[in-house]
Number of protein chains: 4
Amino acid sequence: MNFGSDNSSGVHPRVMQALVDANEGAAPSYGRDDLTRRACDAVREMLDAPEAAVFLLGTGTGANALALAQMCPPWGRIFCHRTAHIETSESGAPAWMAGGAQLALVEGEAGRMTPATLAARIADYPQEDEHDGRNAVLSITNATEWGTVHDAAGVAALAAVARDAGMTVHMDGARFSNAVAATGVSAADLTWRAGVDAISLGGTKNGCLALEAVVFFDPDHARDFSFRRMRAGHLWSKHRFLAAQMLAWLEGDLWLTLARDANAAAAELAAGLRGAGFQPTVPVEANEIFIRLPRDLVTRLRAAGLRAADWPTAGDDGAQGTIRLVTSWATTEDEVAALLRAL
Amino acid sequence: MNFGSDNSSGVHPRVMQALVDANEGAAPSYGRDDLTRRACDAVREMLDAPEAAVFLLGTGTGANALALAQMCPPWGRIFCHRTAHIETSESGAPAWMAGGAQLALVEGEAGRMTPATLAARIADYPQEDEHDGRNAVLSITNATEWGTVHDAAGVAALAAVARDAGMTVHMDGARFSNAVAATGVSAADLTWRAGVDAISLGGTKNGCLALEAVVFFDPDHARDFSFRRMRAGHLWSKHRFLAAQMLAWLEGDLWLTLARDANAAAAELAAGLRGAGFQPTVPVEANEIFIRLPRDLVTRLRAAGLRAADWPTAGDDGAQGTIRLVTSWATTEDEVAALLRAL
Amino acid sequence: MNFGSDNSSGVHPRVMQALVDANEGAAPSYGRDDLTRRACDAVREMLDAPEAAVFLLGTGTGANALALAQMCPPWGRIFCHRTAHIETSESGAPAWMAGGAQLALVEGEAGRMTPATLAARIADYPQEDEHDGRNAVLSITNATEWGTVHDAAGVAALAAVARDAGMTVHMDGARFSNAVAATGVSAADLTWRAGVDAISLGGTKNGCLALEAVVFFDPDHARDFSFRRMRAGHLWSKHRFLAAQMLAWLEGDLWLTLARDANAAAAELAAGLRGAGFQPTVPVEANEIFIRLPRDLVTRLRAAGLRAADWPTAGDDGAQGTIRLVTSWATTEDEVAALLRAL
Amino acid sequence: MNFGSDNSSGVHPRVMQALVDANEGAAPSYGRDDLTRRACDAVREMLDAPEAAVFLLGTGTGANALALAQMCPPWGRIFCHRTAHIETSESGAPAWMAGGAQLALVEGEAGRMTPATLAARIADYPQEDEHDGRNAVLSITNATEWGTVHDAAGVAALAAVARDAGMTVHMDGARFSNAVAATGVSAADLTWRAGVDAISLGGTKNGCLALEAVVFFDPDHARDFSFRRMRAGHLWSKHRFLAAQMLAWLEGDLWLTLARDANAAAAELAAGLRGAGFQPTVPVEANEIFIRLPRDLVTRLRAAGLRAADWPTAGDDGAQGTIRLVTSWATTEDEVAALLRAL
């Protein structure tokens, strides 16, 4: 019963097979190989963005921090939700890589900023000058850290606020697959058509071994980005093994199938939890469930094999605590059933 | 009627005379001169801290950013009030100099964190690990950006919260003189005796030309700081001219006299404003007054010679707006009287 | 006839199989899994360094830059050969990650500093103070960028010069396997027993997919390094796939076998070249050959399928140019024979 | 007999008087005052560069590092003489402020690069890509650290090499006054007319208290520089006191008179030394003299009151050592005569 993290799941067999298949003979290093060319084309196709600049790398923190460093001057401010991964879990990577930029945290229920909370936060910095710095980038996490989703209209509304304030828009898409699966729209609808300038597109949590992409929809925004990726140590020498993952992941929309499976498992689990009288504390829209349970029940479930993270949340007390359950492409019906039985 | 900023006031005649006097013959450069030795001793005496490490430099942003860079690892978090100068007005300097550290903003009325608001904010980051980073430094501004003051007990209470969380304590003392004058305690009582580890001690706003000091009460905390100051370009070559300011400023407690004068002018002006039916929106405890006035009145006052900054604040509307009035050592009774008359 | 780079070779079948095998079920992420524990133990065993701190990551530039950032203060100086990879090919990564440290380039024939050239260069910076900065780290590349090798005595002699100057010693071991194979001594003899404090241990060029390790022989030197790795985006979430590579690579000394094979192929090729009347311009001690050939011959060889990099070198002219031939674990006897035949 | 450094001299009386005069009443802070506007105009006039962007600050290291950070991307390379101040004496400031840029050191007699040595060094980095980084800036020190001077043709020749390599040109003008005085050409001839894009213009060593300017001849190159200056803590709040120095320094070409005086004192001293049988080891072209003397003679001169720095140089031995003698605007004929007498 592994609901600890989508990062603890393995690699989808088709992705692993692609690694094996790519391991034939020699190939030019550092992304000058044919697989990489094809993989970048495939990303452009997935995003319906034929002009986009695409860069592959191995980690989500690398992708986020480098994308934001590209978009934000050192004296700039990056607006994000107060629970965004770039704020809570990357040890200051974006601020560092961007030369000392600052995050401006925005409130909002269930991991989602709203146009109103974003606009109010921007209004805290009404002026651009050498003391005040510059409002530079909005970073939207989709799906959010709380398993909720911004639909295309929601992204567009936030992006419009950013645009009006002279900022560009980044999407932390570590779980972008799940957002696309949840909203049922195209990847393009959820990104550039909604006003997103760049996305950190995550494969690792959804069936890959170590694969992320940074995509700039306007290639002019990618100027010199190759230097940034290299000097951060994120240009793989045997680059074909990033590319092979991407090609397999995109082939036949595997990425979307896997995300749908993960979301469906979460929905099924949430339904079962509700049936057992336990209401998730946050709407279950993608592949994460947050739920408050009696602490002794959690202890018993763990003893029965449950893996899930404690997620201390306002409202918890000595008797009850919140945990996070994450499903992935690898979650089985048996695991869901076993957890519901154990309850 | 200059109430625009204490930075727009000039240099006290005794400080200026000290510059003239110091300009005799040659002196070793880069702080190896006798005046510098004496000035650092004088700072230690003022703070009753015979072991403290003292570094002189020319700007408050330099002092704050370098002190915090020394105290905070790149993956650290600096807690400060959401209106702290290091957050609002230094263009990200501390974050940059500290290698990408992040500010964690704390709420609190009238520019003051409370132990409760601070503790609550620290609790947002309950864990130290490579993802979450480290809670490293508390920075207390005293006097605050809103002209209020933390007294010794107030500083000690905040410092205790920080200490309990494993953090060290920095004081942004750009207006430390005003805080000492307002509280009536000693400089030591308001700093190290209350748990402060380092202070950015400001002279510029209070009668100097360009003079700040960074003081580490435990000299072990100052290890390699001289490298930081140099490579940030903050080691003056003709260092005696920093030292001369400091000696004159401390001589006969000039610093305290000037701060008392500034505070007294603010108190008098506030009293007059109240008498005229205008209540400051924030307690007037040091040398700043925030007051909401009819906009047409502000226009008329400016026409009559008032210099004061607009300070847009929640509660303002089309008819009424908040302005900031700052007094300094150079504020005259005539200026105060003229403004009250003009009202 | 692929002699372009050891980075263009693929992944050894046993390493690839280990990835497949590791892909069973779920595993804790971010290095908290059992495979990672075992892999780090195996590295310690390989280095006969039971106390060493071991960190796995995916790229050599990441490994070098992070190790050096850990070892060198921002105001420090890193001494390295003027053709070291950290100088020529990492786009300034170590300087950046170390907060603005500087490289001091040392001359030396065939990619090797000597104790004398190193000592002379250190003597250019005789003094440590806030202007001059600090002589902090020596970085030795072994095998060198020119396919030569420092034996254990050679490393020890350089390390002694560094130690005398108060510096610590880093080894860029992107081709460390080849150096061990060439010298016939143990990994320990070539590192900590010779005075090396930390090594960037490279697997990628020698049969792995993406695998490097940073090892600090004194675990006290690794303090907070986990923060550095994370915020540079070099902590893999599915960390078991780094660990699996390492375990397979070390199992049965596969790493050494592969390096010996690569070195042997280079030796054989060099012998053949000499037999054909072409003398390598640099001693062939590991897996690289530098050779000056008639330009039209190079053109013909390339037409016949040769992949090798142009390596413009003093002494080249319009008629003759230097190329670099790199062998790897994957180089076949057929490839060597084919190239010699084509000559 | 103070020949220790031009930094150990004081402030010229006219500059000091200007500080006193500027201390009248209030003035807008942070450079929004009238004196600053006039001072920047005066700099533009001095340089015959009506469009230039001018920024005042207090230290030479600040000026150099900020100018270079503006001109050089983080992955760029700054070419400078191996004895340039930015290499030897700024503790890595430019590299740090430029986000990890690297210095590429160029050889050359007497502190001067030549077009040939520069071109040869650039040729070490023939290629721009994400590994190799970018050749970005040439920094010429004028007068050099060895008291020699690049004349206008010399600057132009170096700048042409840089321009051909796609680089821009910075001048470290800490002693620019002395170079202008020595060459007898205009400030414009020695800078933008010779191909210089930006200069760090130094006043401190030549009669000011703490005054430097960064000038970009093309104002487009200054985009966002005000943010850089602020966040490095180099925007003085009481900015009028920078401006007042500049106005007095430029008024009636005081800067040039003072530099001529300093150069003349050096020439006279050098002549006297030669007369006494001691030949300077480097041509005396500005205000510095390097001379090898018997060590016991140096000891006796110091006992007699000489202040001068030891300057260990190849060729020194146990019996003889090189010292540096620096003259300044404040050097008196008596001092020169006294030193010659003491010899």
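In this predicted model, chain C is superposed on chain A by a rotation of 180° with 0.0 Å of shift along its axis, and the RMSD of that superposition is 0.0 Å. The two copies are thus related as by a two-fold rotation axis. Within chain C, the C-alpha nearest this axis belongs to C:Ala232, which lies 3.4 Å from it. The relation between the copies can also be followed in their interface residues, since 100% of those in chain C are also interface residues in chain A, so the copies meet through the same surface.

A further contact, between chain D and chain A, was then examined. To this contact chain D contributes 19 residues and chain A likewise contributes 19 residues. Between them, the two chains bury about 1,900 Å², of which 56% is on carbon and sulfur atoms. On the side of chain D, the residues that lose the most area to chain A are D:Trp75, D:Glu130 and D:Phe227, and together these account for 41% of what that side buries.

One residue of chain A that takes part in contacts with chain D is A:Arg134, which touches both D:Asp224 and D:Phe227. The latter, D:Phe227, is also one of the residues named above for the area lost to chain A. With D:Asp224, the contact of A:Arg134 is a polar one, in which the two side chains are joined at 2.6 Å.

The arrangement of strands was described for chain B, where seven strands form an open sheet with mixed pairing, in the order S1-S7-S6-S5-S4-S2-S3. The edges of this sheet are formed by strand S1 (53–57) and strand S3 (102–106) of chain B, each of which pairs on one side only. On average, and with direction ignored, neighbouring strands of the sheet are turned by 20° against each other.

Technical notes. Residues numbered from 1 in each chain as written. Chains lettered and ligands numbered in written order. Predicted model: local features only at pLDDT ≥ 70, side-chain atom pairs only at ≥ 80, totals over all residues. Heavy atoms only, no water. Least-squares fit on C-alpha atoms with pLDDT ≥ 70 in both. Contact = heavy atoms within 4.5 Å. Polar contact = N/O pair within 3.5 Å; in protein donor to acceptor, adjacent residues only side chain to side chain. Pairing = 2+ DSSP bridges. Helix = DSSP H or I, 4+ residues; strand = E, 2+ residues; numbered from the N terminus. Axes fitted to C-alpha atoms, helices over the stretch in contact; angles between N-to-C directions. Buried area = accessible area lost by both parts, 1.4 Å probe. Lists of a residue's contacts leave out its neighbours within four places in sequence.
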